[in-house]
Structures are given as C-alpha cells and as structure tokens.
Amino acid sequence: MNPNEGKRSKLTRRDLLGTASLAGLGGALLSAPELRSQEPQYQVGKDPGTHQPIADFRFDLEATRGWVGEAGSAKEATVAEFPVSEHIAGVSMRLKPGGIRELHWHAIAAEWALVLKGAVMATVIAPNGAPATDIFEAGDIWYFPKGHGHALQNIGKDEAHFVLGFDDGHFSEFGTFSITDWVAQTSPSVVSRNLGLSQATVAGLPKKELYILPGTVPATIPEPYLADDLETSQNPHKFRLGKMAPIVFPGGWERIVTAREFPINTTLTSVMQYLEPGALREMHWHPNADEWQYYISGRARLTVFGAHGRARTEELGPGQVGFIQQGFGHYLEQVGSEPTKFFALFNSPTFEEISISKWLAANPRSLIADNFGIAKDELNRLPKKALGILK
Ligand SMILES: [Fe+2]
Ligand SMILES: [Fe+2]
C-alpha cells in the first residue's frame, strides 16, 4: 500500500508540490500519474479556505450625491467610497457654462480626464514655468503630472461633463490643494506682502476653499497670460482619444493610449472599448496594472477570477465603475440590445494583457491536452491567437 494513501483527503497544494519535488529528487514517493489521480479528491476550486471573498468591485458613482455647488458638481470614487480601488481614483465632474474648477494641484497623484460632453479649457503649469492652455472636447483626454498646478473652465454654452482619473486612490483626502484654501490659511500680512495686494483687497479674498465657482467665459480664447513673455509647454497635455484609429475585432473595437502615443502620460494607460450586442471580451488578465472602468452606455456582466476557487460576477451599466485588481483574471459579457461603451484606466504607462487564447496558443500541444484532459484532435479547435472581442 502506498504510505501516503491515508493522507490523500488532507493533502494540500503545498504537500503535493513538496511531494512532487521529492519525487523529482529520486524519493519516488508518488509517481506523476499517481499525483494526477489524487487531484480530483483535492478539489482545489471548491474551498476558498482562509481567503477572503473577492472584494466588491462595482461602485455606482453617478448614483452618489457628491459635492454640489451653484456652478457645478463632483462625485468621487476614492478609497473612502470604493475601498478595493487603492491605486486609482475617479471623479465625475460637471461644470455649468462659465463654471471654474479653481486653481489647485494634487500632491500625491497625476490627473487624467476624458471629456464626455461639452468644452473645457484647462491651463496647467510645469515646474520650469511653462504654461499650456488647451480646449478639450468630447473624446479628448488630458494628463497633468503630479503636482503641476491647474484650473479648468467650461467655455461652452452647455454643461460640460468629464470623468477624472488619478493614479492614487487616496488623492482627494490627502492631496488636493486649492489656492483659496491656502490663501485663507495664510496670515493677511504675508499674503499682502507676497502678492503685492493692499490689506483691504486681502481682507476681501475668499475665507475658505471655493472648489467650483461661477465664472465668465473670456471674450477671446486663449486669453493672454498674466505674464506676457512665457514660453509655452512643448509637451502636449492633450490627446484626441476619440479620433485615433481603433483596433477592430469581430465583436467591437478598442482604442488604446499608452505613454508611447501620449508621452507626458507617464503613469497611466487609457482604453476606450465598444462591445456590439452579444459580444464577449475574452478571458484575460493584465500583468502590470489594475483596471478601473467607467461605463458610458449599455450594459455588461463582468466576472472576476481571484484564484483559490473565487470568482464573482457583477452587472455594470451607465455611470457605474468596475475595478479589476492587477493580475486577476476577468472577462466581460455584453448585455442587452444597446451596444456597450466604456473606458478603462490602467495605472501603468504601458499596456499589458495576456488572454487565455494567446496563452494557450503559445504552449506545447501535448501539455495542453494533458492539462485539460482532452483528446489531441480537440486541440485544433482552440484559438491560435488573441481574440480580443468575440462576436
Ligand atoms: Fe485637478
Ligand atoms: Fe481587462
């Protein structure tokens, strides 16, 4: 009788691996076929053991109230609201015509945004003093490196709506610095001396952070800067995501913007995706980044595989955010008759994806047959390259 017979039901993966390596060293406690015959009793996929369930990865961002003021509003998804999303945060912001998101900077995060509606003028300064002013319309993205001061204004006739992304889930509570807040917290004599303003003018400055305030659209755009001798930035903060050529698949398309296409964008990758009704975004994972998704239109079912027998499915639709942790397997099934459009933000400047089809196609035939326990002639049915979005 095999000396390990009585232990079979209690074998762990570590036991099996340990036994296998001993066998490899000539201990010959169990042969490879014997090990394989034990695996069904081991039932890897049935017992999550001590692992926590997969964290909630759906957040209904647009259903929150957020911050509301007379000139605009903002709804946040930071770790406070959406704990799983530690490395990426998002804000859905709306500005009324003329509305200004005041001068501010982010101490711990770079800022990215995609404009969904309207026209937004943004001015940003780099540490070398070079400013840049651009107008962003639907389909355009911006990227402001960490700490670079900036302000936004809706210069259109209708409401502007854009979704901001930050490469740190804690960006808001620990790291957004507004100019009115700073000046209000500074002694009036220092403000007067530093800015050259009279004491009476300083006394009339805002007493606390304004955040979003009403403003007047300038008669000429762009307006001259306060200093008229500045060299403007040579490194564009704007990329026309909506205008780039898509990668087309049978069931939809993707537009992918990495640091290669948009060099100032050194920490994030943006992907716009479109799924035809009934499409399947194939099983895959991202080795180098988390994925933060915002659904613009249509619906999809997202299933995340978290190892140790854990998988979880959630349906997502307009205004909702989905999140997939780095390295977790996942796929999307389009739901409903309206095509599904969403964007995903990845916290890496390069895009990496391994799909199940690409992976299998790059393995020895007999190994796949043995791993799946399928006949070798079945192998020819397997895809030979990445499928992307299936019809
Ligand atoms: Fe900002
Ligand atoms: Fe993905």
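Is His 330 buried or exposed in this predicted model? With a relative accessible area of 3%, His 330 is buried, a term that here means under 20% relative accessible area, with exposed meaning over 50% and partly exposed in between (1.4 Å probe, protein chains only). Residues are numbered from 1 along each chain as its sequence is written, and chains are lettered from A and ligands numbered from 1 in the order in which they are written. Because the model is predicted, local features need pLDDT of at least 70, side-chain atom pairs count only at pLDDT 80 or more, and totals for chains, interfaces and linings use all residues, while side-chain values use heavy atoms, without hydrogens and water.

His 330 (NE2) coordinates the iron ion (ligand 2) together with His 284 (NE2), His 286 (NE2) and Glu 291 (OE), at 2.1 Å; donors are N, O and S atoms within 2.8 Å of the metal (3.2 Å for Na, K and Ca), and sites may look incomplete because water is not among the atoms. Along the chain, these donors follow the spacing H-x1-H-x4-E-x38-H. His 284 belongs to strand 18 (residues 280-285) and His 330 to strand 23 (residues 329-335), so the pair ties together parts 46 residues apart in sequence, strands being DSSP runs (E, at least two residues) numbered from the N terminus. His 284 counts as buried because its relative accessibility is 4%.

Notes: Helix = DSSP H or I, 4+ residues; strand = E, 2+ residues; numbered from the N terminus.
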